[in-house]
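Please read it alongside the sequence and the coordinates.

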Amino acid sequence: MAVSRRLFRFGRSLRTATAVYLSTLIPGETELIVVVEDPKRRNNPVVTIPVELMEVLAAAECVTVLTGAGVSAESGVPTFRDAQTGLWAKFSPEELATPRAFRRDPRLVWEWYEWRRILVAGALPNPAHLALAEMQNIFHRFHLITQNVDGLHQRAGSRNVIELHGNISRTKCSEEGTIISSCKDTGNIPPKCPSCGALLRPDVVWFEEPMPEMEMRQATDASTHCNVFFSIGTSTVVYPAASLPVEALRSGAMVVEINPQVTPFTAKARFALAGAAGVVLPELLKALKASRGT
Ligand code: APR
């Protein structure tokens, strides 16, 4: 594996030792490019994007992006596997985001989502969301698939976002699955479905639940018909979303990962840009615009 240390700025500063350590974890052909903070260039980050990537992007008809919780981390939305805080510290998300947890203690699960809804409502799209929203205007075909339920891509201006795991702002009936846009506050927690009286729940995909068919079909199609596939801010441990970069690879796409950490997918990517999405993506966008003279 080749290690390049020619990317310079990364908020949390990956040092050379980290780069060497990371490289020992990646035995494949991946070129790992570590974004290292250069304090002298703090206001003017320089991120060198691999020339080969720029060449493939210049000719690309179709680009597909898969995002995960890491993309929203810089908006202050904690990643799914990050330690939870305050009242919720004693619960792991895996204990709260399942149909079983909802059956056992619907109030607890509802209140956890209510806490996350408030957190998300107060968050703003960050430079990574904004760069991806601009990228949709650069490529002939551009697909954005997200595992995030926070709606921040849409708030940044992205259109036709394929939401694999639902959206926390929507509520549905736990029995009929109908989306409920409003209901009378009767003091029940969770509230009850105005039509059948069953409990309401967030319209998100919990562990052990099937994926939404249409979104999964669209995501698979976008992943298997693209020239370049970006896997950004995802730990690639939750399936079936984690299979999308693998399918893109099998279909012949150049696959690029953007993540400050090594993931199970890193060694399969052509390039692994080890930096924060909010630093790498605006620089990639700048390079794309410069190469197209826009
Ligand atoms: N930029 C890019 N990546 C980042 C950043 C950042 N600023 N900060 C953290 N990351 C990376 C972490 O290194 C980690 O690999 O984001 C990833 C977040 O991983 P998870 O918390 O596992 O999130 P995700 O991959 O989206 O989880 C998938 O699991 O529980 C389900 O439905 C939930 O959608 C979620 C899914």
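In this predicted model, a search of the whole structure finds one cavity of 30 Å³ or more. The largest cavity has a volume of about 40 Å³, while the second largest pocket has a volume of about 180 Å³.

**Cavity**

- The lining of the largest cavity consists of Leu32, Glu257, Asn259, Gln261, Val262, Thr266, Ala272, Leu273 and Ala274.
- Strand 10, which spans residues 271-274, provides the largest share of this lining, with three residues.
- Sorted by class, the lining of the largest cavity has five nonpolar, three polar and one charged residues.

**Second largest pocket**

- Around the second largest pocket lie Glu163, Gly166, Arg170, Lys172, Asp203, Val204, Val205, Glu209, Pro210, Pro212 and Glu215.
- The elements that give two or more residues to the lining of the second largest pocket are strand 6 (166-173) and strand 7 (200-204), and the largest share, three residues, comes from strand 6.
- By class, the lining of the second largest pocket divides into four nonpolar, one polar and six charged residues.

**Helix 2 with helix 11**

- Packed helices are described by the angle between their axes and the distance between the axes.
- Helix 2 (residues 51-59) packs against helix 11 (residues 277-292) at an angle of about 60°, and their axes are 11 Å apart.
- The crossing of helix 2 and helix 11 is right-handed.
- The contact of helix 2 with helix 11 has six nonpolar residues, together with one polar and one charged.

**Helix 9 with helix 10**

- Helix 9 (residues 213-224) and helix 10 (residues 243-250) pack with their axes 8 Å apart, at an angle of about 35°.
- The residues of the contact of helix 9 with helix 10 divide into four nonpolar, three polar and one charged.

Note on methods
Residues are numbered from 1 along each chain as its sequence is written. This is a predicted model: local features need pLDDT of at least 70, side-chain atom pairs count only at pLDDT 80 or more; totals for chains, interfaces and linings use all residues. Side-chain values use heavy atoms; hydrogens and water are left out. Axes are lines fitted to C-alpha atoms, for helices over the stretch in contact, and angles run from 0 to 180 degrees between N-to-C directions. Helices (H or I, at least four residues) and strands (E, at least two) are DSSP runs, numbered from the N terminus. Ala, Val, Leu, Ile, Met, Phe, Trp, Tyr, Cys and Pro count as nonpolar, Asp, Glu, Lys and Arg as charged, and the others, Gly among them, as polar. On a 1 Å grid over the protein atoms alone, a cavity is a set of points where a 1.4 Å probe fits but cannot get out, and a pocket is an open set with protein on both sides within 12 Å along at least five of seven lines; lining residues have an atom within 4 Å of a point. Grid points are joined across faces, edges and corners, and a volume is the space filled by probe spheres set on the points. A crossing is left-handed if the near helix is turned anticlockwise from the far one by less than a right angle, and right-handed if clockwise.
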